[in-house]
Amino acid sequence: MVNLDGVNVSKYKLSVTDRPPVPTPEQDVEHKEIRGRHGSLTKKYAFKDIEYKLTFNFLEDSAFKQAFRVAKLAFFNAKKLSFDDDPGIYYKIKSLVIDDADNDVEEYGQFEVTFTLDPFAYQETSTQTITAATTLNNPGYESEPYIKAYVAGNGNIYVGGHKIAITNINGTIEIDTALMNAYRVENGLITNLNSHMVGNFPVLPHGQTKISFDGAISKLEIDPRWRWI
């Protein structure tokens with residue numbers, strides 16, 4: 001069964017007409033023919049958003065139209081799409097389109113939803129606290145982690161072979177690779193701290209990556225945000 005933000009669509013008296021297919025993103029690939037070269041020159045770029053269609057049925061004692069209005073509100077507010085037979089995995093909903101509903105009988109209706117999903121299937125992860133050098137093992141595709149560093153001055157964060165220098169921070173700095181942003185959230189206030197970070201936003205490739213830190217950094221909190229294609 002299908003879930004919206006962890007809530008089963010049966011709450012809205014809905015069911016899917018068929019077993020949902022398993023979505024897979026398309027990679028943007030360029031093939032360029034070069035005269036005198038055997039075969040084409042191939043360049044692989046990013047993965048594209050997933051267009052994903054599901055058809056829903058409604059069958060209930062009450063009138064369909066009111067229930068359809070309630071269901072549409074849930075769809076348009078939803079941020080995550082997940083499935084009962086794939087626990088711990090979700091897709092990020094970027095946008096969606098709901099077609100007009102077929103409603104030949106008052107108590108029955110059917111409609112199609114076309115989701116635009118982020119290319120990846122995300123694994124539910126939790127934040128890990130790191131107080132000494134450790135190794136993280138990424139089971140999936142290259143991920144874009146969130147790192148919160150506790151700093152009293154200057155220090156360095158090492159992610160694999162890459163160094164991130166943190167300068168003049170007394171408190172915390174949050175590094176979010178997905179947002180490409182360094183900031184601090186305190187009492188609901190967001191402070192831009194990009195000028196206090198030197199280096200590339202870190203990624204965690206498939207397999208093992210060593211994480212460490214030095215200087216005036218006392219600990220890190222990391223959400224690895226594992227993801228799959």
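This passage walks through the overall build of the protein chain and then looks at one strand and its neighbours.

The structure is a predicted model, in which local features need pLDDT of at least 70 and side-chain atom pairs count only at pLDDT 80 or more, while totals for chains, interfaces and linings use all residues. Residues are numbered from 1 along each chain as its sequence is written, and side-chain values use heavy atoms, with hydrogens and water left out.

The protein chain holds one helix and 18 strands; these are DSSP runs numbered from the N terminus, with H or I over at least four residues for helices and E over at least two for strands. Its radius of gyration, taken over C-alpha atoms, is 23 Å, well over the 17 Å that the globule rule gives for 229 residues, so the chain is more spread out than a compact globule. That rule is 2.2 Å times the number of residues to the power 0.38. Along the principal axes, the C-alpha atoms fill a box of roughly 70 × 65 × 30 Å.

Of the 229 residues in the protein chain, 40% are buried, where buried means under 20% relative accessible area, exposed over 50%, and partly exposed in between, with a 1.4 Å probe and protein chains only. Among contacts (heavy atoms within 4.5 Å) between residues at least 6 apart in sequence, 67% join residues at least 24 apart.

Two strands are said to pair if DSSP finds at least two bridges between them. With strand β13 (residues 162–176), β12 pairs in the antiparallel sense over 13 bridges, and Gly 153 stands opposite Ile 169 in β13. The two strands form a hairpin with two residues between them, and Gly 160 in the turn has a positive phi of about 60 degrees. β12 also pairs with strand β17 (residues 207–223), again in the antiparallel sense, over 11 bridges; Leu 220 in β17 is the bridge partner of Ala 149.

Asn 168, placed in strand β13, has a phi near 50 degrees, a positive value in a residue other than glycine. At 57% relative accessibility, Asn 168 counts as exposed. Met 180 lies in the loop between β13 and β14 (181–186), and has a positive phi of about 50 degrees although it is not a glycine. Met 180 also counts as exposed, at 53% relative accessibility.
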